Amino acid sequence: MPATLRPSGSLRDVVGGQAEVQVEAGRTVRETLAALGIVPEVVALVVVNEEQQSKDYLIQEGDVIRVLAVIGGG
Amino acid sequence: MNGYGGRILRVNLTNGTVTKEPTPPDVAHDFIGGRGFGIYFLLKEVPKGADPLGPENKLIISSGPISGMMIPGGGKCDWTTKAPLTGGYASASMGGHFTAEMRYAGLDSIILEGISPKPVYLFIDDDKIELRDASDLWGKATFTVEKQFKEKLGEEFQVAVIGVGGENLVPYACINHDYGRQAGRGGVGAVMGSKKVKAIVVHGTKSIPVADMDAYRKAGMALYKACKDSEGLKDWTRYGTTIVVSWCDEVGALPTRNFSAGSFEDGKNLYGPVMREKIVITDKGCFGCPSPCGKYSRNKKYNSYVEGPEYETIGMMGSNLGIDDIEAVAQANLLCDDLGIDTISAGNAIGWAMECYEKGIFTKKDTDGLDLKFGNVDATFTLIEKIARREGLGALLAEGVKRASKKVGKGSEKFAIQVKGMEQSAYATHNATAMLLAYMTCDVGAHHNRAWAITYDLQVGREKVVPEKVARVIWLQNFRPMFDVLGGCRLQWVELGIDRDLYVPALEAITGIQRSWEDLDKVGERIWNLTRLFWARENEGFGRAWDMPSPRFYEEAPKSGATKGQITKLEDINRLLDMYYEQRGWTSDGLPKPETIESLGLKAVVA
């Protein structure tokens, strides 16, 4: 079973406007983002199964991953 | 006139009169509201060479057509004036609930002019408008005054108030509202203080005429639905702007020890989730907000409550001062708010002073005995108080880092982190050329909110100096401040990623005037050029040299962190400016060409 990655806001534009994409397990979030064409550095927050994780988190089968792009401060 | 309260309130403080005049329909059409109204009235009414703290300067407070409406983020209010900090244009945006009450009182703008012979506050309750004695409030802290008004007049009254900093004419004094929202930058609070206006209280019960009520309801609901459906809503609401602290640390944008680096070795103690866990007790939003970014905190260590800190304050009062304690940052935030000074400029100025001390330019004789090393929390608290009261070293720092470093000399000008006299806000720009250009050319000085281009740097290559980056900065400068024209908040667009096209039908339904983003971007471009012309009018010799950043960003590469060893070349900074001026239709010295002024239809405005 693959994992699900849900990009937010402007990140969706990079994946053709899709609300969620299926991604492979066994790679880090950082590698997965890069493979999707999302520059990992523009991602501010990674949440996996409702827990915050680093971009070096190794994706497991069935994971639901939310990634948030960054904003302009106050 | 649909979409407007229909009246401009003019308050002459010298003779104590208040008069209303109709909002000019042509100005509403061409400049829409908010900061559009601000620059129009500033150029038209403030004479060339006016002393920012004298009777000829004006403080222009403007709502926009989506303020107080059923539109996400319709709670923004613009405060425009000639800046005491920079001598140029100032426009500060304030959230909360003030602008909605202004609109319900039928007011599109409030223009404060002249100087009152004694402290007063402006009382507005629909058509009952009076200047009242504020002698007993002078000298009091902002939270105390706001609480007093709420208890005396009722919760429905909204209060904008200056603190001791504004009374003492600190050039970066702010205006406080809603126990934690500010019109923060450029010294709008000092202008209010110079006019002897302690506070404005406002309440209204009127309706705002709407051109097409059904279309307005549909467009408003479409906007709210887009926010509700946003994947990012949950996390942005949980953390607000503090979500970017860890990210800035990671990419080398977190100002550290007076911007000498962009990553902080103890930065993790300041990250959003740490703050949420440690001190945040609830979320706090402005009028009509579906994604409240305000975080209200209980600070056990200092036995206090505060709204915040948000990202900018964490950057400037935390890592920039070498402080890794989120409770200490929250307390510094509280002190600044209560005394009425801008946390960004104050944090920047204290960082500069700490570097002066560590470099031996200052000794304890200069610091009133303070051991002003980076990381000294108690010294930071003491200096905040001294700045607001203009005491000892505080009197020097109250001038802002440009003036202070000029007085001190000894090479301290090189690490005064400012553009045009405004202290740089909380993004380190050693190797982020689009963001650096955004700071260099921002129309109020080194502020981030006009064009936040740092992610574009990361997307296309941070060291690259290409026309596309310049075009991106210009597009952002024209577009993003349009939210300050409309009277709304940009964060639903930037955070939640909702489609900006959704705002157009709402604006059309409210005003009855057909609009498109092509048209609105053009309004933004016209305003941008007018602000530039204001700078040039007020400052002899204004031009390219005024757009130069601190040498720190082209002479001193960070010695640690994500941007270790990285720096922008001076020749690239000049190339950026060349491309920027060309794309803007400005001369090589950075002034709008006559044909640019003509093509934007601005000749009559600047005549």
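Modeller: Two residues are in contact if their C-beta atoms, placed from the backbone, lie within 7 Å. This is a predicted model, in which local features need pLDDT of at least 70, side-chain atom pairs count only at pLDDT 80 or more, and totals for chains, interfaces and linings use all residues. Residues are numbered from 1 along each chain as its sequence is written, while chains are lettered from A and ligands numbered from 1 in the order in which they are written.

Biologist: Among contacts in chain A between residues at least 6 apart in sequence, what share joins residues at least 24 apart?

Modeller: Chain A has two helices and five strands, where helices (H or I, at least four residues) and strands (E, at least two) are DSSP runs numbered from the N terminus. Their order from the N terminus is β-α-β-α-β-β-β. Of the contacts in chain A between residues at least 6 apart in sequence, the share joining residues at least 24 apart is 55%.

Biologist: Which element gives the most to the side of chain A that touches chain B?

Modeller: In the interface, 19 residues of chain A are in contact with 25 residues of chain B. Both β3 (43-48) and β5 (64-69) of chain A supply at least two residues each to the side that touches chain B. The element that gives the most, with three residues, is β3(A).

Biologist: In chain B, is strand β4 mostly covered or mostly open?

Modeller: A residue is buried if 20 or more other C-beta atoms lie within 10 Å of its own, exposed if 12 or fewer, and partly exposed in between, with C-beta atoms placed from the backbone. In a regular strand the side chains alternate between the two faces of the sheet. On one side of β4(B), B:C77, B:W79 and B:T81 are buried, and on the other B:D78, B:T80 and B:K82 are buried. With six of its six residues buried, β4 (residues 77-82) of chain B is mostly covered.

Biologist: Which residue of β5(B) stands opposite B:K82?

Modeller: Strands pair if DSSP finds at least two bridges between them. β4(B) pairs with β3 (residues 58-62) of chain B in the antiparallel sense over three bridges, and with β5 (residues 89-94) of chain B in the antiparallel sense over six bridges. In β5(B), the residue opposite B:K82 is B:Y89.

Biologist: Why is B:A545 classed as exposed?

Modeller: B:A545 lies in the loop between α23 (517-538) and α24 (552-555) of chain B. B:A545 is exposed because the number of other C-beta atoms within 10 Å is 9.
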